[in-house]
Amino acid sequence: MDRFKEIDAFVQVMAHGSLAAAALAEGVTPVMMGRRLDALEQRLGTQLVIRSTRRLTLTDQGASYLDECRQLLARWDEAERAVSSQHQRASGHLIVSAPAAFGRLHVAPHASAFIKANPQVQISFNLTDRVVDLVREGYDLGLRIGGQIDPNFVAIHLATNQRVVCGTPAYFKKRGKPKTLDDLREHNCLAFNLQGGQQRGWYFQKDGKTVTVKVEGNLDCNDGELLHRWVSEGLGLGWRSTWEIQKQLQSGELVTVLDEYALPAYDILAVYPQQRHLPAKVRFFIEHLKKTYARPGYWLTR
């Protein structure tokens, strides 16, 4: 059996979480995927995966070997792309998930230019603040802002983001500015409430450690754009992302406070499942977003 197919089968099975899902993606039978995995373990003389009816679990040797295999396949793909990229065209149906407000402001608006350059691609967007399961729900690509990424997924850095506490000059004139984290208890903090959300607390860095400050206010909701509007209207403080308010910070419409406690900047990511051949439609759209976000002044004009 082809060694390459064995290695590829191993990576695909672990990326998809089951023989059946990997076989479906590869266009073969689960039995064939199982045979390839068996052949690989037999050739190496060690067990890589513990298989049960419910789950697949990597052995210590399997976890180490999986990392090596992923790197090997990534180098192989890069070599092939270098040769074929000049002749490749993007086509097919691209299904993208993104956080609701970020998707409306910074993802969907760039679809028209992408379609114009790649007319054989059709794009569907699902803009939701729920963290979707990309594999189970059939997405090609997800946009994520910070957070933990499953090791079976590839995460590509698109831009940098930071969370800051902000309010209008009129609000601060009326209520004063918080100087310490404890001062937030005296302020009207407008929080995101989906699945616990920000009502559990806002996160900061103090003395080198991440701390949570429970906040309270007279308004909360599960929509980031509505929270942004309330903060801009001077109704309270918000814990907002710089991708959302950079232009207002530049103009002075909003002012940040407690900057010395802000968490370090984190990434805006494009995330997709580990796979042998990344479709051109996915790769091209990621590159399209990266180039767009890197344009000088982009974040100040949106």
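This is a predicted model: local features need pLDDT of at least 70, side-chain atom pairs count only at pLDDT 80 or more; totals for chains, interfaces and linings use all residues.
Residues are numbered from 1 along each chain as its sequence is written, and side-chain values use heavy atoms, with hydrogens and water left out.

**Exercise 1. Give the strand order of the open sheet of 5 strands and explain what is particular about β11 and β13.**

Step 1. Strands (E, at least two residues) and helices (H or I, at least four) are DSSP runs, numbered from the N terminus. Two strands pair if DSSP finds at least two bridges between them.

Step 2. The order is β11-β8-β12-β7-β13, and the pairing is mixed.

Step 3. β11 (220-221) and β13 (255-257) stand at the edges; each has a single partner strand, so one side of each has no neighbour in the sheet.

Step 4. β11 runs parallel to β8 (residues 189-192), and 2 bridges join them. Phenylalanine 192 has cysteine 221 in β11 as its bridge partner.

Step 5. Helix α8 (residues 224-232) packs on this sheet and touches β7 (163-167), β8, β11 and β12 (237-241). Contact means heavy atoms within 4.5 Å. The direction of α8 makes about 170° with that of β8. Axes are lines fitted to C-alpha atoms, for helices over the stretch in contact, and angles run from 0 to 180 degrees between N-to-C directions.

Step 6. Helix α9 (residues 242-251) lies across β7, β12 and β13, at about 115° to β12.

**Exercise 2. Describe how α1 and α2 pack against α3.**

Step 1. Two packed helices are described by the angle between their axes and the distance between the axes.

Step 2. For α1 (residues 3-16) and α3 (residues 30-44), the angle is about 110° and the axes are 8 Å apart. α1 is therefore roughly perpendicular to α3. Angles of 65 to 115 degrees count as roughly perpendicular, under 35 as roughly parallel, over 145 as roughly antiparallel and the rest as oblique.

Step 3. The crossing of α1 and α3 is left-handed, meaning that the near helix is turned anticlockwise from the far one by less than a right angle; clockwise would be right-handed.

Step 4. Residues of α1 in this contact include Ile7, Phe10 and Val13, and those of α3 include Met33, Leu37 and Leu40. The contact of α1 with α3 divides into 8 nonpolar, 1 polar and 5 charged residues. Ala, Val, Leu, Ile, Met, Phe, Trp, Tyr, Cys and Pro count as nonpolar, Asp, Glu, Lys and Arg as charged, and the others, Gly among them, as polar.

Step 5. For α2 (residues 19-26) and α3, the angle is about 105° and the axes are 8 Å apart. These helices are therefore roughly perpendicular.

Step 6. Leu19, Ala20, Ala22, Ala23 and Glu26 in α2 meet Pro30, Met33, Gly34 and Arg36 in α3. They divide into 6 nonpolar, 1 polar and 2 charged.

**Exercise 3. Decide for aspartate 207, leucine 258 and asparagine 118: buried or exposed?**

Step 1. Buried means under 20% relative accessible area, exposed over 50%, partly exposed in between (1.4 Å probe, protein chains only).

Step 2. Aspartate 207, in the loop between β9 (202-206) and β10 (209-213), is exposed because its relative accessibility is 73%. Its phi is near 55°, a positive value in a residue other than glycine.

Step 3. Leucine 258, in the loop between β13 and β14 (266-273), is buried because its relative accessible area is 5%. Leucine 258 also has a positive phi, about 60°, although it is not a glycine.

Step 4. Asparagine 118, in the loop between α6 (111-117) and β4 (121-127), has 11% relative accessibility and so counts as buried. Not counting residues up to four places away in sequence, asparagine 118 touches Ala90 and Phe284.
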